[in-house]
Structures are given as C-alpha cells and as structure tokens.
Amino acid sequence: MTLLVGRRVLLVEDESLVAMLAEDMLLELGCEVVVAMRLDKALAQARTGSFDLAVLDVNLGDARSYPIADLLFERHTPFLFATGYGRQGLEDAYKAVPVLQKPYQAAPLEHLLTRLLMEEPLARPGTRGSSMACACHTPNGQPIRADHCR
Amino acid sequence: MPNSRQPLQSTAVASAPLVSLRRGAGQLFETERRLNAVLNNASVSIFLMDDRQHCIYMNRAAEQLTGWTLDEVLARDCPLHDIVHHTYPDGRPFPLHECAIDRAFPENNQERGEEVFVHRDGHFYPVGFTASPIRDDATNIIGTIIEVRDISEEKAAAERQRLLINELNHRVKNTLATVQSIAAQTFRGPPDPAARGVFDARMVALSTAHNVLVEDNWESASLRSVIERALAPHLLAEVDLNRFQLQGPDARLHPKVAVTLAMALHELMTNAAKYGALSVPEGQIVLTWSLHDLEDGRQQLNLRWEECGGPAVTPPARKGFGSRLIERQLPMEFDGSAEITYAPAGVICELQIPLTTLGWVGQETIEGRQAS
C-alpha cells in the first residue's frame, strides 16, 4: 500500500536476527527504518527523532518497552506492539494499543500500520482505543489470528 | 440452624479433647494420652470449635501455625476468627459475618476452601482448610473440627511455575521468530539449490547454541563451550586443534549473548570454509579473547578471529547475512562494536561485547529473592 512509502518508522526489537527480519519487511513496504535494540537507545531515538510510526517489541530482555510507548503517546506518534504473548500479555494501561502477533508477517504488519496512519492519534493509556473494529478483530475486540488477514 | 446445636463446653473441660469418646473412667487416661499423642504429632493444624465459633481445642501444629497457645486463645474468650482471621490482606478489618469459614459452618463432612490468616506477629499466610461438623447422639451439630494447612509453599510454587511458563513461552516464540528470520535471509533472492544446505547448517548452529544453554538450565552459557561447539565441524566432533588455536578465559554468558555469538561464529566458519583459511588444508584460525572490567561494573568481552594460511583475500562484492549479523546487529544488540577486515593474508574479525548482566524479568521471584 502506497500510504506507507517513505514513512519513517522506529523499530524497537532486541534480538539481532528477529530485528533483521522486521527491518526487511518494513523496507519492503517502502518505509524508512531506524532500528533500536536497547531501551536506552530507543528512548533516545523516540525523544530526538521524528517518526511517522513505531513498532515496539514488548519484552526487551531485561526491560519492557513501556517507557518508549509513554514517550510516543506524548509525541502523538502512532505505534503498535509486536509480541508473542498477544494482548493479554500487556499491562492494563496499554491494552488499547494495537498488537501484532509474533512471528512477524508482512500482511498484518502492513494492515495495522496503514490503519494507524489513517486513524486519529491513539488513545492515551487507560482509555479505550477509538476504532478497534477492523478485519483483524472480532466484534468483541479480540484479535484473530494473523493468517486470517491475508 | 443454630437452635438445633448444643454448645460444646468451652471452659472447664476445654483441654480434655473429644470428651464424648470417653467410654469409662478406667479408659479415660489411656485414651486421652493416645489422642494427645496423635494430635500433637500431626503436621496439620487441628482446631475444635464450639457452635459460637470459639476455639476450645487446638493441637501443637495449630499453635505453631497461628503463634497463639491454646491457653491464650481460651483466655481471649472470643470467636477464633477474631484471633487468626481478623484482617484482610489489604488491611481492611474482616468482620466475622463476612467469613467464609464461619458462613460455611458445615452441614457436610470435609468442606474445603482457602483463606488468608493473620499470624500473631502480623504477617499474612495463605491456608487451605477442611471443615467437618461434630454431631451429638441425636445428630445435632454441636461444633466443628477444622483442619488447616499453611499453603504458602504451594502458592509460591504455583507462582514460580506461572513465571517459568511465561518465560518459556517468550523464549519459544523468540526462537521461532529467529528461525523465521534465518529462513527469510537464507532463501531471499533467486532460488539457489545450495540454500537448503546453508539453512540446515544455520539451524544446527542455533540448536547447538541452545544445547549449551540447557547445560546450565537456560540461565547462562560457558563462553568456552559456546566457542568450542560453534567451531566443531559437527555435533559428534571436537574442534580440530590442528586448525584452530583457541586462547582465552572462560566466562558466563547471558543466553542472548550466547545465541548471537554462536550464530556469528558459525557465519565466520562458513565463510572460512568456503573462501578463507578452512578452504585449504594448511590454513589456520587463531581465536583469542579476553575480559575487561567496564566502569559500570560489567565486563566486556574482546574477541579476535584471525585467519592465516588461506588463499589471498579479496573483499566480497556484496555484504551478506553473516557480515550484516556481525557488523550491524551484534553491536546494536549489546551496545558493543564489531569490525571485519578483509586483509589480504586472511580475514580478521574483532568483536567488543559488553556482557549483559545475567537474569531476566521475573527471575528474582523464581529464585525467592526480593526485587526491592
């Protein structure tokens, strides 16, 4: 989808090989990618860089990526969480953030990123997301499996 | 139905348990002695309650569990609830009428449940209880016998198990994502019949790195083992010491460091076998490493890979998976640095890796350490 071409994306992913894969997927979608693999580096990027979108791995080994999420909320940068746990693995304050189920897949990644760009800025922590109804979600807000999105 | 109950005596004969068991005066002493031996050696706490929920007998295990002696409890002359169950864990008062044990004054034998009691010293502890009615000859309920067990250990074990399963889930998901990434990197571009062999070898390298981790319960890996396993030609073989000179101290590596380093070494090996020192019989590789203290208290691993005796080296036209992993990903993952030099006499790779502190989110709980 052309909407993603040329967009600057902050990718936060702490495993070398997994980061490679996600970066390649974003590059293939036409995005410009900045990779950060450690909490401090990602915070520095989120603080000083200018991004259209962000993709955050939740578990950064010895830390969680929530402080980055807080910064992105402040800066009105739309973002999603990429996690193997699914939504139930998120802290309550972040449950309105869209979740991309790992392993990474190009189609749902593209779908969610495009939707983030078309939406209003994300709800602040503690409030419900504005429009969770889309092809990737059942009516009760539960994400369905990513392979249904093809 | 409190009216149908005949109260057990809670004063004069309180310390003589189960008076109804008396059959004759001659047997009394022997029976009581036997019962006391049973009750005071039982590991489960036993409370005998009258129909006002006053405790009229408790065994030695119950005294140890609650921190109160039977004499003290009798002297309080109040429901047992007000002595051992008076406060919710969040600090709110816990009135008797809200108490599940009290409400469930059992009509049936062996009613079970879980509650949180307050020790005499103020700390809370989870208990499992079993309550059964005591009936008189006319089957009226005249009291309750309650067995109580401290289930702190079981609760802690369940919590440890929950955290371990979460961690396992995380690691399995990560490993699958790693495999997915290796497949994507190996099979990108036009179809190549050799790619399948390259992929299989990378899978073996990943699997071998995990074997080293399992040796230490996934907590850490021995640096020397990671190196030796990565450089061995296959699973059943040792490192060929005619080919490799290895020199450096052992260290404990965080699992993340172990896996990425093993994959990096595998890529260097593959490249050396295809183009470098391992592609000719006389070629050698010298691998040396050392550890240095950093200012923040961590250690840094400095590792140098140097090939010699191979064909003259020319820099590759295109950087592949191996150099991307080593020169770009590895420094970003560990806040270190990496450089591959294509010197004519042989490839040199130098890595500086600050060693991540061992441990993972939730590990303190698993090992019973307090996070604070």
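**View 1. Helices H8 and H9 of chain B cross at roughly 30°.** In this predicted model, the axes of H8(B) (residues 223–231) and H9(B) (residues 255–274) come within 9 Å. Axes are lines fitted to C-alpha atoms, for helices over the stretch in contact, and angles run from 0 to 180 degrees between N-to-C directions. Helices (H or I, at least four residues) and strands (E, at least two) are DSSP runs, numbered from the N terminus. The crossing of H8(B) past H9(B) is right-handed, meaning that the near helix is turned clockwise from the far one by less than a right angle.

H8(B) supplies Val226(B), Ile227(B), Ala230(B) and Leu231(B) to the contact. From H9(B) come Ala258(B), Leu261(B), Ala262(B), Leu265(B), His266(B) and Met269(B). Contact requires C-beta atoms, placed from the backbone, within 7 Å. Nine of these residues are nonpolar, one is polar and none is charged. Nonpolar covers Ala, Val, Leu, Ile, Met, Phe, Trp, Tyr, Cys and Pro; charged covers Asp, Glu, Lys and Arg; the others, Gly among them, are polar.

**View 2. Strands E11 and E12 of chain B pair antiparallel.** Seven bridges link E11(B) (residues 337–343) and E12(B) (residues 346–354). Pairing requires at least two DSSP bridges. Ser337(B) has Gln352(B) as its bridge partner. A hairpin of two residues joins E11(B) to E12(B).

**View 3. Chain A touches chain B.** The contact takes 19 residues from chain A and 26 from chain B. On the chain A side, helix H1 (residues 16–28) gives the most, seven residues. That side divides into nine nonpolar, four polar and six charged residues.

**Notes.** Residues are numbered from 1 along each chain as its sequence is written, and chains are lettered from A in the order written. Local features need pLDDT of at least 70, side-chain atom pairs count only at pLDDT 80 or more, and totals for chains, interfaces and linings use all residues.

Methods. Two residues are in contact if their C-beta atoms, placed from the backbone, lie within 7 Å.
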